[in-house]
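Biologist: I'm new to this one. Could you walk me through how to read it?

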Amino acid sequence: MKHFAILMQFLRSRNEFIQEIEQDINIDKKNISLLISSSIFFAIYGAIMGSLGSFLQILSSAIKLPALYLLTMIICLPTLFFFDVINGSKRKFSHYLGILLAAMAVISVMLFAFAPVSLFFRISLNDNYFFKLINVAILAVTGFMGVNFFYKSMLTLTQEDFQEQKYHNRMLKGWLLLYALVGSQLGWTLRPFFGDIGKFQLFRPIEGNFYQAIFQLILKALQL
Amino acid sequence: MLADLANLEISTKELEAYINLDFRHELLLDIYRGFLLKNKKYLGSALTTELAMLILISIIVLPLSLIILGNFTAINSNDRTNFLIIIAIVVCLSLGVNIYLFQQTYYIKTLANLLELVNKYNRVIQSLKIVARLKLTQADRFPEEETQKHMIEALLVTRHSLLNALKFESILREKQLPSHKRYELIINLENDLVTLMALENGTSAREYEQLVDEVLQIGLNVHKTVKNLDQKSD
């Protein structure tokens with residue numbers, strides 16, 4: 001099976017790909033190929049993120065990063081699907097899954113594209129606060145790109161299903177907010193992704209929240 | 001001749017339409033062709049899927065372990081040991097999945113063999129294209145029209161056999177074959193083989209002899225594979 005060929009086909013002609021999902025053309029194969037290729041890309045980027053710590057930290061982060069994205073998807077997808085179905089959507093669950101996996105694929109490919117940059121800062125800097133901050137920025141940028149793709153694709157997919165498109169748009173934006181909240185909290189629960197230099201830690205005790213930690217990280221990076 | 005050859009090739013799209021595979025069967029095919037037939041092209045694909053499977057199993061095990069470790073921190077608070085236990089569970093699960101998949105490859109053996117024959121057939125077409133191009137540059141030594149006709153006919157018959165065999169296998173796999181249809185397909189294949197053997201005797205040009213032999217071998221193998229499949233499914 002040519003998982004990466006399917007991914008490249010999707011990246012090159014996204015509109016055609018969405019149309020094929022809409023028409024149920026090889027939808028299962030496409031979903032599985034997107035799942036496989038994005039898991040591998042997430043794992044590669046996760047391994048770079050964990051490279052501050054020991055070998056076990058690299059391995060653990062390579063599992064945790066794909067877990068973060070895929071678990072967020074598993075947690076949030078049923079909410080979107082059933083909300084839409086109740087409001088008149090005629091699409092199948094596999095259509096929603098396909099679009100969300102395609103968005104994951106966009107994020108994973110962009111992370112893979114940023115991997116050499118992240119690796120460069122890992123090797124050339126001795127400041128682990130800056131390394132963490134630059135990775136958070138990369139994750140935010142790629143996440144925004146993926147979410148933007150998902151939002152536009154969902155509007156295309158469901159444009160004929162809803163009479164009041166404005167209401168659906170608002171609902172979709174609300175779901176994206178929920179997705180961001182679940183994702184960031186899950187990320188906080190699964191930490192550490194970076195770890196400390198040369199050390200290994202599987203999970204940290206659950207305390208505080210993601211936004212508080214980012215604020216503290218910025219203060220430390222600016223040495224305030 | 002080159003235009004005829006281009007139409008004779010069995011394309012991937014055509015194959016997909018004939019064999020109609022789902023993800024499980026494609027994975028089994030990759031494993032069988034990659035690991036057992038040692039075909040490098042499919043080995044890469046099988047290894048990628050294996051790696052992704054390992055990651056996906058880890059993703060399932062990780063949250064469960066988070067819950068268990070959160071509830072039973074008193075059992076073992078050493079992160080290194082906990083993580084190694086998780087890795088061991090993941091490896092055991094993936095080993096179990098792999099043993100199951102290797103056992104399942106038994107059911108796609110015939111299809112894999114037929115697909116290898118399709119590859120061989122396409123390779124013969126490629127060789128013929130090269131020979132035909134070479135002949136175009138040497139106009140005085142162009143093969144006789146009769147030989148060309150024989151060759152194209154042999155390829156057509158082999159193509160027909162291969163596609164019929166693939167259809168036969170696909171229908172048997174999906175268990176939707178009425179007995180009269182099955183009989184009809186077998187008769188078609190037998191006829192193709194007879195035609196192919198007659199064509200082999202009619203080819204005289206030396207440069208084509210070897211390629212016709214290869215085509216005949218493909219035809220014979222298709223026939224043998226389908227006969228075996230038919231006996232197994234009785």
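Predicted model: local features only at pLDDT ≥ 70, side-chain atom pairs only at ≥ 80, totals over all residues.

Biologist: How many residues does the contact take from chain A and from chain B?

Modeller: Contact means heavy atoms within 4.5 Å. Here chain A gives 25 residues and chain B gives 26 residues. Buried area is the accessible area (1.4 Å probe) that two parts lose on being put together, summed over both. For chain A and chain B that's about 2,400 Å², with 81% of it on carbon and sulfur atoms.

Biologist: How many salt bridges are there across the interface of chain A and chain B?

Modeller: A salt bridge is a side-chain nitrogen of Lys or Arg within 4 Å of a carboxyl oxygen of Asp or Glu. The rule finds one across this interface: A:Lys29 with B:Glu26, at 2.7 Å from N to O.

Biologist: And how many salt bridges over all chains?

Modeller: The count is seven. One of them joins the side chains of A:Lys30 and A:Glu20, at 2.7 Å from N to O. A:Lys30 sits in helix 3 of chain A and A:Glu20 in helix 2 (residues 14-22), so the pair ties together parts that are 10 residues apart in sequence. Helices are DSSP runs (H or I, at least four residues), numbered from the N terminus.

Biologist: Are those two buried or exposed?

Modeller: Buried means under 20% relative accessible area, exposed over 50%, and partly exposed in between (1.4 Å probe, protein chains only). A:Lys30 is buried because its value is 5%, and A:Glu20 is buried at 17%.

Biologist: Which residue does B:Arg33 pair with?

Modeller: B:Arg33 forms a salt bridge with B:Glu116, their closest N and O atoms being 3.2 Å apart. The pair links helix 3 (residues 23-36) and helix 6 (residues 109-137) of chain B, 83 residues apart. B:Arg33 is buried at 6%, while B:Glu116 is partly exposed at 23%.

Biologist: What about disulfides: how many are there over all chains?

Modeller: A disulfide is a pair of cysteine sulfur atoms within 2.5 Å, and the count here is zero. As for individual cysteines, A:Cys76 is buried at 1%, whereas B:Cys92 is exposed at 53%.

Terms used. Residues numbered from 1 in each chain as written. Chains lettered and ligands numbered in written order. Heavy atoms only, no water. Helix = DSSP H or I, 4+ residues; strand = E, 2+ residues; numbered from the N terminus.
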